[in-house]
Amino acid sequence: MQSTEISKSAEECCYPFDPSLYRDGRSKDYKLIKWIDKPFVVDGTRCLFHVPLAFGSAVMRAMKKIELSGAQVPKKDFMILSDCSSPWWSDVLVSTSNVYVEGAEVTMISGLYLAKAFEGDYSNMGKWVQEINELVVEVKKSTVKEEEEEHEKEILPNANNEVPEQEEELELLPNANVKKEVIKQKEDDELLPNTKKVTRQKDGSIFFYYPTCPKCAKKYGKNYVVIFAWISEV
């Protein structure tokens, strides 16, 4: 009975990946995704030309920290990312439902990201990165143009309007919300002194998402990599 359960568990290691989740309809083979303070526990490993080595060990270390601190991994949208800022080193990011994890570095990812699913051998990674960077340039240009057109539409009809009451209230109490956030931050730091909270949000940020392990990729006959590229702040 036990061997049957183990065999079943191995068969269900990774769910089949649906690349259409990262396509925006039929016209675009990519999708824009917005993240606001999405928390990840950070570990790291060496990599070879953007492909992480000992990836599983880094994931297990991060998962152990999450478990020991009483935190949890999210049941929805759980993912493990690699941040290969260089061809030789990768930060491994494991999503968590907790903003603070005792004894671990928690990075908060915010921004509008372009996500695209690629299929093929890892030897294509350099080509995929170049393609995603070119796509980011195109999307940024179109986004800026759309924002400028929208801004022009808003200026004329609202030129003589009075300042909304909400804005006046914010001017009277400019520091009210800031003070509450500072107090809460201080309380959190006192509760978890070994926790490090970092926010990653910069131009040129690229994250790699491997939806299936090598064994499951071989089983399904498809090897997918999803690349997330930073577009703008949110």
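In the predicted model, Phe17 has a relative accessibility of 17% and is therefore classed as buried, the cut-off being under 20%. Phe17 is located in the loop that runs between helix H1 (2–11) and strand S1 (31–48). Its ring forms an aromatic pair with that of Tyr224, and the geometry of this pair is tilted, with 5.0 Å centre to centre and 55° between the planes. Tyr224 belongs to strand S8 (residues 224–232), so the pair ties together parts of the chain that are 207 residues apart in sequence. Tyr224 is likewise buried, because its relative accessible area is 14%.

A further tilted pair is formed by Trp35 and Phe40, for which the values are 6.3 Å centre to centre and 55° between the planes. Trp35 counts as buried at 8% relative accessibility, and Phe40 counts as buried at 0%.

The count of aromatic pairs in the model comes to ten. Both pairs described above fall within one aromatic cluster, which consists of Phe17, Tyr22, Trp35, Phe40, Tyr113, Phe207, Tyr224 and Phe228.

Nonpolar side chains are also found on the surface, where Leu48, Phe49, Leu53 and Trp88 form a patch. Together these residues have about 440 Å² of accessible area. One of them, Trp88, is placed in the loop between strand S3 (80–86) and strand S4 (89–95).

Notes: Residues are numbered from 1 along each chain as its sequence is written. This is a predicted model: local features need pLDDT of at least 70, side-chain atom pairs count only at pLDDT 80 or more; totals for chains, interfaces and linings use all residues. Side-chain values use heavy atoms; hydrogens and water are left out. Patches are made of residues with over 30% relative accessible area and no salt bridge: like charges are joined within 9 Å, nonpolar side chains (Val, Leu, Ile, Met, Phe, Trp, Tyr) within 5 Å. Accessible areas come from the Shrake-Rupley method with a 1.4 Å probe; for residues, only the protein chains shown count as cover. A salt bridge is a side-chain nitrogen of Lys or Arg within 4 Å of a carboxyl oxygen of Asp or Glu. Helices (H or I, at least four residues) and strands (E, at least two) are DSSP runs, numbered from the N terminus. Rings of Phe, Tyr and Trp (its six-membered ring) pair if their centres lie within 6.5 Å; planes under 30 degrees apart count as stacked, over 60 as edge-to-face and the rest as tilted. Buried means under 20% relative accessible area, exposed over 50%, partly exposed in between (1.4 Å probe, protein chains only).
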